[in-house]
Amino acid sequence: MGVIETLIVTTAIAGVAGTGLGGIIGAMLQKDSNRIASILLSFAAGVMLSVVCFDLVTEAIETNIGIYFVIFSIALGVAVIYILNYIIDLKTNPEIPHIDENHPKTADDLDELIHSDHFEHHQSRQDNKVSLFIAGVIMACAIALHNIPEGMTIGASYASNDGVMGSSALVLAILIGLHNIPEGMAVSVPLISGGMGKAKAVFITAMSGVPTIIGALLGYMIGELGALGLALSLGFASGAMLYVVFGEIVPQSILMYHSKLPAFSTIFGMLVGLLIIFA
């Protein structure tokens with residue numbers, strides 16, 4: 001297979017298959033475990049953090065474009081994902097009864113993070129098809145905001161290795177696949193609870209992983225533009241992932257499971273990441 005084909009297949013397994021597997025588990029159990037999801041998410045966040053900080057950012061610096069441009073690219077990635085998330089939250093949170101002034105300023109469950117609770121709320125009220133469609137689009141956009149930067153980290157890492165599937169890109173693909181399992185459960189459970197057939201719900205859940213492929217192609221193509229493009233791709237993807245890790249996954253993991261365990265799981269993930277990078 002060529003470079004693009006290999007990249008598509010790799011990210012399809014991580015994004016579509018990972019999310020789809022979560023959808024199948026959700027269809028079988030029709031419930032999720034906050035403890036398992038919390039530990040899995042925090043561990044993946046720790047490994048991603050190591051790969052981003054000690055591999056991708058380092059490679060961005062080694063392009064010799066300049067540290068200020070690298071910092072700008074990272075800050076841009078953080079700002080873009082934060083602003084887009086803020087807009088979605090601003091439009092949807094007021095519609096969910098339990099999200100009020102007493103609610104944490106971040107998601108305390110996975111369904112809030114990807115706004116499947118917003119979709120489920122419209123389903124429970126038996127709203128018209130237009131409202132359900134809009135709620136579905138919003139949920140798809142929220143998922144895309146996580147999957148696109150995840151895919152970009154794979155694509156940028158791929159570009160930095162001259163189109164060769166390096167260890168960091170492969171590790172990221174595996175981690176993103178694991179991270180997508182609880183996310184897939186959070187998508188499929190409300191769809192099935194609302195009366196959708198299991199097969200259709202699993203299919204829709206799997207398709208929600210497609211933005212990972214789009215992000216990987218985007219990260220790779222920008223990275224192939226030269227040293228400036230590679231620094232931008234690596235920096236932007238790193239910044240986007242840093243926001244997802246610190247702004248969403250880590251605080252959400254702790255809120256989902258009130259324990260020190262998510263923190264230890266994140267630290268353990270970082271150590272595993274270091275082992276993968278430098279061993």
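Me: What makes the place of tyrosine 86 helix α3?
Reply: Helices are DSSP runs of H or I with at least four residues, numbered from the N terminus, and tyrosine 86 has its place in helix α3. A word on the source: this is a predicted model, where local features need pLDDT of at least 70, side-chain atom pairs count only at pLDDT 80 or more, and totals for chains, interfaces and linings use all residues. Residues are numbered from 1 along each chain as its sequence is written, and side-chain values use heavy atoms, with hydrogens and water left out.

Me: Why is tyrosine 86 called partly exposed?
Reply: Buried means under 20% relative accessible area and exposed over 50%, with partly exposed in between (1.4 Å probe, protein chains only). Tyrosine 86 has 44%, so partly exposed it is. Tyrosine 82 gets that label too, because its value is 42%.

Me: And why is tyrosine 243 buried or exposed?
Reply: Buried, because its relative accessibility is 15%.

Me: How do you know how many aromatic pairs there are, and what makes one of them tilted?
Reply: Rings of Phe, Tyr and Trp (its six-membered ring) pair if their centres lie within 6.5 Å; planes under 30 degrees apart are stacked, over 60 edge-to-face, the rest tilted. Searching the whole structure turns up five pairs. In one of them, phenylalanine 43 and phenylalanine 268 sit 5.7 Å centre to centre with 35 degrees between the planes, hence tilted. That pair links helix α2 (residues 34–61) with helix α11 (residues 261–278), the two phenylalanines being 225 residues apart.

Me: Why is the pair of tyrosine 82 and tyrosine 243 edge-to-face?
Reply: The ring centres are 5.9 Å apart and the planes stand at 75 degrees, so the pair is edge-to-face. Tyrosine 82 lies in helix α3 (residues 67–92) and tyrosine 243 in helix α10 (residues 227–256), so parts 161 residues apart in sequence are tied together. Tyr82, Tyr86 and Tyr243 form one aromatic cluster.

Me: What about threonine 212: why is it called buried?
Reply: Because its relative accessibility is 0%. Threonine 212 is in helix α9 (residues 210–223).

Me: Which residues does threonine 212 touch, not counting those up to four places away in sequence?
Reply: Contact means heavy atoms within 4.5 Å, and on that basis threonine 212 touches Thr11, Gly15, Asn147, Gly151, Ile176 and Asn180.
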